[in-house]
Amino acid sequence: MDRRNFIKTVGAAATVSTVVTGPWISNAMAQTGPIRIGLIAPLTGVLAAGGKELVEGFELYWKQNGLTIAGRPVEIVIEDDASNPDTALQKARRLVEQRNVDFMVGSILANTGLAIAEYAKTTGTPYFIPVVAADDLTQRKRIPNVVRVAGYSASQMPRPLADFAYKVKKVRKIVTISQDYTFGHEQSGGFSQTFTELGGKILQQFWHPLNTSDFSPYLAQIKNSGADAVFAMETGADANRFIKQYSNFGLQGKMPMFGAMNLTDQSVIRTLGKEATGIYSSAHFAEGSTNVATVRFVEQYQAAYNKLPSLYGFAAYSCAMWIAEALKLANGVVSDSAAFLKIINSIELTKSPLGRPVKLDSYGNPIYDVFIRETQLRPDGKVWNVPIEVYTGVSQFFNYDPETYMKQPSYSRDFQGIKAS
């Protein structure tokens, strides 16, 4: 009897997903019945838009492949973490203890991801994180069954950008501005440490609360700082507002802007125009790439959702692809979590939307070719990220010895790794 049924999941922002009705399958049936994946995303609250795109990207891959793998049906059980760590923990427990999922995927914020990771640590349930970027999840506080499949650590991507700013653009003095929370501290720290070790100077660092509506006090100080450029770490609505106000303040084109990868993500710049052009950022994905695999993915995503893919959609799609490759190698057997995790960690993904090989380091974090991107206008007036340089084989430790690097403190507002001049 077919026990599957397509239903609407939690919240108005949820999408169509596959769940099981009726009695849960027994352990004896586990390798012939459905593979059950627990997908956690913020579908309500401040990050609902990003959570929706995470779900879209993950589901797109499985729908393209008939919701089957290695001869077994795939069922995706979606839960809304509401961007709240207590809710995330509750939903993780439900997925493992009531829904009997084989493994969990998802979340976006560091605090929700950390809550799920700590629970996964107690149960041994594999947890794959394509977006949650907290450095220490794959560094000082690594949990073996928590793997950053198709993800990245926060400080990983800004390091090549700092190198590019100093060596190529000849920037010597810079100011940074960032949202005042862990993700911002880590991205700013990665940029600042690399930039100052090269010989550059950080003249001043500005920190502001989430959901800042008026950046003019900061912009006035940035304008009069004597800096060659600014590094901006902004996400969501703050990123959108900062770009607009930077242009309105007359700084666009006069003081170059270097941004964390999320500053110019499609989830931010879709509604912007010329004011969002000319910004440099660094990331492993650039939707404006001419790489055949990337072009094909962008076209497929546009056809499915009528928009250019964001980092959330891309990361979730790539995560699904990575998991599928592991399931093929495992012949669909997921009951032995240790064996499945070993396969996950051994994979070198060669057919992702990046068109470039990706593998994990020994700490469970991907090693990427990282693009320096510039925001440019398309003929249709939309803004996208176009790669102009590439740094090959960038790990979360960049050019540092891992053991030596992890002896320094984690990045925070008080520790940015800035080398004294």
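Q: Which residues line the second largest cavity?
A: In this predicted model, the second largest cavity is lined by Thr264, Asp265, Gln266, Phe285, Glu287, Pro309, Ser310, Leu311, Arg373 and Asn385. That lining divides into 3 nonpolar, 4 polar and 3 charged residues, and the space inside comes to about 30 Å³.

Q: What lines the largest cavity, then?
A: The largest cavity is lined by Ala150, His284, Phe314, Ser318, Trp322, Leu349, Ser352, Leu354, Val358 and Tyr368. Helix H10, which covers residues 311-329, gives the most to this lining, with 3 residues. By class, the lining of the largest cavity holds 7 nonpolar and 3 polar residues, with no charged ones.

Q: OK, pockets now: what volume does the largest one have?
A: The largest pocket has a volume of about 780 Å³. It is lined by 30 residues, of which Leu47, Leu109, Tyr181, Thr235 and Tyr312 are the closest to its centre.

Q: Which elements give two or more residues to that lining?
A: Those elements are H1, H3, H5 (182-197), H7 (236-248), H8 (266-269) and H10, all of them helices. Sorted by class, the lining of the largest pocket has 19 nonpolar, 9 polar and 2 charged residues.

Q: Switching to salt bridges, how many does a search of the whole structure find?
A: The search of the whole structure finds 14 salt bridges. One of them joins the side chains of lysine 307 and glutamate 56, with an N to O distance of 3.2 Å.

Q: What parts does the lysine 307 and glutamate 56 pair tie together?
A: Lysine 307 is in the loop between helix H9 (292-305) and H10, whereas glutamate 56 is in helix H1 (residues 48-64), so the pair ties together parts that are 251 residues apart in sequence.

Q: Last topic: at what angle do H2 and H3 cross?
A: The axes of H2 (residues 85-98) and H3 (residues 110-123) cross at roughly 40 degrees and come within 8 Å, and the crossing in which H2 passes H3 is right-handed.

Q: Which residues meet there?
A: From H2, the residues are Pro85, Ala88, Leu89, Ala92, Arg93, Val96 and Glu97, and they meet Asn111, Thr112, Ala115, Ile116 and Tyr119 in H3. The residues of this contact divide into 8 nonpolar, 2 polar and 2 charged.

Methods. Residues numbered from 1 in each chain as written. Predicted model: local features only at pLDDT ≥ 70, side-chain atom pairs only at ≥ 80, totals over all residues. Heavy atoms only, no water. Axes fitted to C-alpha atoms, helices over the stretch in contact; angles between N-to-C directions. Helix = DSSP H or I, 4+ residues; strand = E, 2+ residues; numbered from the N terminus. Left-handed = near helix turned anticlockwise from the far one by under 90°. Contact = heavy atoms within 4.5 Å. Nonpolar A, V, L, I, M, F, W, Y, C, P; charged D, E, K, R; others polar. 1 Å grid on protein atoms, 1.4 Å probe; cavity = no way out; pocket = protein on both sides within 12 Å on 5 of 7 lines; lining within 4 Å. Points joined across faces, edges and corners; volume = space filled by probe spheres on them. Salt bridge = Lys/Arg side-chain N within 4 Å of Asp/Glu carboxyl O.
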